Amino acid sequence: MNQEEKQLYTISIYTENNIGLLNRISAIFQRRHINVESLNTSPSEIEGVSKFTILIRMSEVNVKKIIGQIEKQVEVIKAYYHTEDETIYQESCMFKIKSDLLFNERQIQNIIKESNARIVTVNKAFFVIEKSGKKEEIDLLHRELTVFGIMQFTRSGRIAVTKDEMKISTMLAELQH
Amino acid sequence: MKGTQTIQKKTKKTETTERISGSEAVIKCLLAEGVDILYGYPGGAIMPVYDELYKYQDKIHHVLTRHEQGATHSAQGYARISGKVGVCMATSGPGATNLITGIADAQIDSTPMVCITGQVGSHLLGSDAFQETDIVGISTPVTKWNIQVTKASQIPEAFAKAFYIAKSGRPGPVLIDITKDAQFEEFDFKYEKCKGIRSYKPVPNTDKNALKTAAELINNAKKPMVVWGQGVILGKAEEAFKAVIEKAGLPSAWTILGASAIPSKHPLNVGMVGMHGNYAPNVLTNQCDVLIAIGMRFDDRVTGSLNTYAKQAKVIHFDIDPAEIDKNVKTDVAVLGDAKESLKSLLPLLNANSHTNWHQNFKDLYQIEYDKVIKNELHPTKEGLTMAEVLKEINTQTKGEAAIVSDVGQHQMIACRYADFNTTKSNITSGGLGTMGFALPAAIGAKMAAPEREVVAIIGDGGYQMTIQELGTIFQQKVPVKIVVLNNEFLGMVRQWQQLFFDKRYASTEMVNPDFVAIAKGYSIDAQKVTTRENLKDAVKGMIDCKGPYFLEVRVEKEGNVFPMIPTGASVSDIRLE
């Protein structure tokens, strides 16, 4: 892959749990006009350490510079970037749909079954289905359900783990001593 | 706040517990960090801290500036001449927002500074209370670190971290915002200096192999050239740097903030690089075979067009900040780490050399620049006074021992080009941000930090009027700074660009100025105005001989231009001499 060519990268950032840090990190992207495709914050595998998972489309040359700027922040412990091949990743989505459709449109039940979506709740007025998967799978499900009418739709940011081992725990252990 | 876990357990107790208010704790923290002077301006949300300052006025000197921006620049001047952390303080809302220009300036010029702001009571946060502003949000992009404190018990750790972060690694400004209730609240105070933060590595490890590769490149170079920046000064690496360039015979040029790290007259000092730098180092940047960058960041004002910058050269980059490597210029060898340590380790790996023939190139090009530019600037035959001849007179009268604090514009470029620097930390100017109004308050801070030094502020008639109110601070504090305003009745640098690139359409650059001498005298500052060459020498001498503060206005040529010049977007080797 050419260093100048744009592609999707997943950035994983291990940080101290600090209120202002989201602001600091988003400012790094905003200042350089980099559109964040998705952003997720959560606890990490290490107690007391938070993890940002950010999806961006840019060149490797620039992603390296961004990693440098992110790591420069005092409360960032370590930042990594990964290509699509290097991670296992998922997104999650929810659809709220009128309950009538579930009984009147047989096709909907097939779509739910074939897409491995899960019915979360059903009541007289509406039902809610949830699906986790890759972006393309969620896009497909969205297209298929749009035909019938969707009351509400929402999709989460990407979360990802790497195929290779993350050295962060050993690194942190060393820092403690 | 989960900060407690982030400080390593290697800390040492300096004081035992005592029950005091948050605001008294602020003063005790400052004293524990060795702060003797702070610059600030009181207001509602910071009054409890001022009340404590009143009690501690024999231990800590508070300087009331006339505007909060002045407080930041004074703190910067203090930090830049002393290498210590500058401290400034303001109230919430407008007091805090007035600090932003100075904070942004300190951030881009890597100046260690701690800013303290008062904040409305924590129960009012987010309610649009009187003088409430989200200063932590506003200052985030221009601080190295910042924090809001809402409980007195958080104060000691916030200050310990703030000072540690401001001065360690690549220095920078930090801001602590303290709610008013936290200032009043009493708690059990004890102070432990910060020794480390687990997520923050101020000095990266130096790769021995990178050093070896760098040494090989330098040893095999036929036409090596050094460009050094402020990193040499911030890293206290002046002597190690001199030893390296002297052993390997390296012609060395400086960025504006690198000036004064080695004396101007040092035989290996080949002048300034960049837009208004010297002819030889700019042209030869594009002829050298190895470019050795030390503690500099390849700013666009230094490199001109990156597409044509030193493409023929192998680039070695020494820096403490890993984010600077490959940011603007792709390097062949990156040596991360502390400048002094890296240069000390490099020294024994270098072969002694003199590069006599290569040096001749610099001398030849200097001669061209001298004939075309420098001679006419220093020894003008035309009637109007040049800025450079004023600098020359200041050099003579101060024997090159003055610290020059310049503002921003033509006079700044002239000051950096023509001032003699014999001592390190003698060029105090706003490099990265280009903040007009910087010099007058910065000179106050510099003089107070180094009272034994002669501090001369060189300011244009435009920038002077941006912070002219700080004459009040000079008057009240009796700070013996020497103020030189080079008055051309224009915003000179913008006018120069209008002349060269906008067909002489002088849009809003002409200034109708007040009687500057009368204004200075209004503050009881001795003052005079010089309009002719024959009076210049005596006037400068009178200023330097004066024991107190002094104001000297010099009427210079109205439409003088600064040359050489690299037009924006041009290559360094396309530098124009006229």
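This briefing describes selected features of chains A and B, grouped by topic. The structure is a predicted model, and every value below is computed from it. Chain A has 6 helices and 9 strands, while 19 residues of chain B are in contact with 19 residues of chain A.

**Chain A overall**

- The C-alpha atoms of chain A fill a box of roughly 60 × 35 × 30 Å along the principal axes, and buried residues account for 26% of its 177 residues.
- Of the contacts in chain A between residues at least 6 apart in sequence, 74% join residues that are at least 24 apart.
- The domain assignment divides chain A into domain 1 (6-82) and domain 2 (90-157), and the C-alpha centres of these two domains lie 31 Å apart.

**The four-stranded sheet of chain A**

- Chain A holds an open sheet of 4 strands in the order S2-S3-S1-S4, with antiparallel pairing; strand S2 (36-43) and strand S4 (76-82) of chain A are its edge strands, each pairing on one side only, and the twist from one strand to the next averages 15 degrees.
- Helix H2 (residues 60-71) of chain A packs on this sheet, where it touches S1, strand S3 (49-59) and S4 of chain A, and its direction makes about 170 degrees with that of S4(A).
- Strand S1 (residues 6-16) of chain A and S4(A) run antiparallel and are joined by 6 bridges; in S4(A), Tyr81(A) is the bridge partner of Ile11(A).

- On the side of chain B that touches chain A, helix H6 (135-139) and strand S6 (145-149) of chain B each supply at least two residues.
- By class, that side of chain B has 8 nonpolar, 6 polar and 5 charged residues.

**Helix packing in chain B**

- Helix H3 (residues 68-82) and helix H5 (residues 100-108) of chain B pack at an angle of about 25 degrees, with their axes 7 Å apart, and H3(B) and H5(B) are therefore roughly parallel to each other.
- The contact is made by Gln69(B), Thr72(B), His73(B) and Gln76(B) on H3(B), and by Thr101(B), Gly102(B), Ile103(B), Asp105(B) and Ala106(B) on H5(B); by class, the residues of this contact divide into 2 nonpolar, 6 polar and 1 charged.

**Buried elements of chain B**

- In helix H17 (residues 410-418) of chain B, 9 of the 9 residues are buried, so this helix is largely enclosed by the rest of the structure; the buried residues include Gln410(B), His411(B) and Arg417(B), as well as Met413(B) and Ile414(B).
- In strand S17 (residues 455-460) of chain B, 6 of the 6 residues are buried, so this strand is likewise largely enclosed by the rest of the structure.
- In a regular strand, side chains alternate between the two faces of the sheet. In S17(B), Val455(B), Ala457(B) and Ile459(B) point one way while Val456(B), Ile458(B) and Gly460(B) point the other way, and all are buried.
- S17(B) pairs in the parallel sense with strand S15 (residues 403-406) of chain B over 4 bridges, with Ile404(B) opposite Val456(B); S17(B) is also joined by 5 bridges to strand S18 (residues 482-487) of chain B, again running parallel, with Ile459(B) opposite Val485(B).
- Thr331(B) lies in the loop between strand S13 (314-319) and strand S14 (333-336) of chain B, and it is buried because 20 other C-beta atoms lie within 10 Å.
- Leaving aside residues up to four places away in sequence, Thr331(B) touches Val315(B), Ile316(B), His317(B), Ile325(B) and Asp326(B); Thr331(B) and Ile292(B), 39 residues apart in sequence, are 9.8 Å apart in space, C-alpha to C-alpha.

**Backbone geometry to note**

- Most residues other than glycine have a negative phi, and most peptide bonds are trans.
- Asn116(A), which is not a glycine, has a positive phi of about 60 degrees; Asn116(A) lies in the loop between helix H4 (106-114) and strand S6 (118-122) of chain A and counts as exposed, with 11 C-beta neighbours inside 10 Å.
- His355(B), also not a glycine, has a positive phi of about 50 degrees; His355(B) is found in the loop between helix H14 (339-346) and helix H15 (356-378) of chain B and is partly exposed, with 19 other C-beta atoms within 10 Å.
- Phe563(B) and Pro564(B) are joined by a cis peptide bond with omega of about 0 degrees, and Pro564(B) lies in the segment after strand S20 (550-555) of chain B.

Key. Residues numbered from 1 in each chain as written. Chains lettered and ligands numbered in written order. Predicted model: local features only at pLDDT ≥ 70, side-chain atom pairs only at ≥ 80, totals over all residues. Axes fitted to C-alpha atoms, helices over the stretch in contact; angles between N-to-C directions. Parallel < 35°, antiparallel > 145°, perpendicular 65-115°, else oblique. Contact = placed C-beta atoms within 7 Å. Nonpolar A, V, L, I, M, F, W, Y, C, P; charged D, E, K, R; others polar. Domains from an automatic or database assignment. Buried ≥ 20, exposed ≤ 12 C-beta atoms within 10 Å, placed from the backbone. Pairing = 2+ DSSP bridges.
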